[in-house]
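Q: I have a structure open and a few things to go through. Can you take them one by one?

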Amino acid sequence: GIAYTGGGWAASSIILHNAHAAVVDNNDISGTGVAGSIHIYTIGSDNVQITNNTFDTNGYGVALYGGDNVTIDSNDFTNSSGAAIFVWGGPAGSQITNNSITDNTYGVYVYNGAGSGNVVAANNISGNTTNLTNTSAYSVNASGNWWGYSDEADVAASITGSGDVDFTPFLMSGSDSDGGAAGFQGDFSDLYVTALGGQSGATGRIQEAIDVVSGSTVNIGSGTFNESIILAADFATDNLTISGDAAGATLVTGGVRTFNTADISDLTFENIELSGKASGSNAIFRMDNPGTVTNLTLDNMVIDGESVYYSNGVYAKNLAGDVTVTDSEFKDILGWVVFDTDPTNGSGSSTQVLDNITFSGNYIHNVNGTVALRGNAVDTTNVVTVSGNHWTTIGGNGGHNGWQWAAVEVNHAEQL
């Protein structure tokens, strides 16, 4: 690499002019300190890679003018009096990833005339006077960054400009998973989904977080999210909590559906109001997973059938271990399943072995179906706890007689 320490004059340390597929790697560029100095100035250069460099106390760090598909990855930017990264004059498809961009006037500035498809992802962009500004005509995908804040309003306030910015989900921690490496390797175990800002692409906001989380928690802010939550066939994450805003209202209008082929454990949904039939199903929460889900928890949930004929509630499959449903509301469900641990088996029992089932503190009303807590016929459930629930108006709702045979059914349990 090249160590460059500038003087008190405006200059470009490195100029790439019509340089195709150039690589700028492992340099230390510092000390010009003059507003207007530009340090890597790509003029009409495409497919350039700028990696593993350190920029400190400069006017600007990297300026992209013209040229497409530039990668800026795993660099450290500090103390720029202008912008650490400045994108203007037409660049499209820039990938700005895994950088540490801290204590600058502007972290990333996407200026008038910048092209489309610029991505700013998985960076630490914190402690700057303004973290990101977009004044271009195109949306900037800025998902998966640490912004220095865990509150969505503070994150939004650190982003300015007339252009659209997609900053969801964002990281809840600035922890670097590999502090010895250049740039920033973010912690994707704890993510936050916000209804603020734009959304790039067709994938829903919550689903985007589900697809990249490495375990632990997907937090969802207040607001209405018109999407389904899907655990796809390749989903294999253990110890995941999908948590809405307990102090506000998190509404998901497309239900939940699971298709995971791998066995997973410790899956929790909490503080979310679910409505709408899950994509391609007749239930709000439909489990079609070939893989086992061990230890499912639903807490402080609302399962709302919206009085749609033959819309079922929680239609489970391949549950094992402990099933816990607490302090939740099931309402206006006109199908035969309000909550059922295994309605597909056909024998009144669960395919898998359930150790304990807890169904407590729930409010079930205006429903035409049954809560069915089914253990395994051979290896029965140790303890089923049904306590503190309130049922009202079971059957006859929406002008239909309903399919309820009981408010609650318990099968194959050692102790109730």
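Q: Y310 first: what does its relative accessibility make it?
A: Y310 has 30% relative accessibility, so it counts as partly exposed. Buried means under 20% relative accessible area, exposed over 50%, and partly exposed in between, with a 1.4 Å probe and protein chains only. This is a predicted model: local features need pLDDT of at least 70, side-chain atom pairs count only at pLDDT 80 or more, and totals for chains, interfaces and linings use all residues. Residues are numbered from 1 along each chain as its sequence is written, and side-chain values use heavy atoms, with hydrogens and water left out.

Q: And Y309?
A: Y309 is partly exposed too, because its relative accessibility is 45%.

Q: How many aromatic pairs are there?
A: The count comes to 17 aromatic pairs. One of them is Y309 with Y310, a tilted pair at 6.5 Å centre to centre and 45° between the planes. The rule takes rings of Phe, Tyr and Trp (its six-membered ring) with centres within 6.5 Å; planes under 30 degrees apart are stacked, over 60 edge-to-face, and the rest tilted.

Q: What about F359 and W391, how do they pair?
A: F359 and W391 are stacked, 6.3 Å centre to centre with 25° between the planes. F359 lies in strand β38 (residues 354-360) and W391 in strand β42 (residues 390-394), so the pair ties together parts that are 32 residues apart in sequence. Helices (H or I, at least four residues) and strands (E, at least two) are DSSP runs, numbered from the N terminus.

Q: Is F359 buried or exposed?
A: F359 is at 0% relative accessibility and therefore counts as buried. W391, at 23%, counts as partly exposed.

Q: Different topic. Where is S74?
A: S74 is in the loop between β9 (71-73) and β10 (76-78). S74 counts as buried because its relative accessibility is 10%.

Q: What is S74 in contact with?
A: Leaving aside neighbours within four places in sequence, the contacts of S74 include T51, N52, N53, A182, G183 and Q185. Contact means heavy atoms within 4.5 Å.

Q: Now helix α2. Why is it largely enclosed?
A: Six of the eight residues of α2 (residues 205-212) are buried, so the rest of the structure largely encloses this helix. The buried ones are R205, I206, Q207, E208, A209 and I210.

Q: Last one: which face of β43 is covered?
A: In strand β43 (residues 408-411), E409 and N411 make up the covered face, while V408 and V410 are on the uncovered one.
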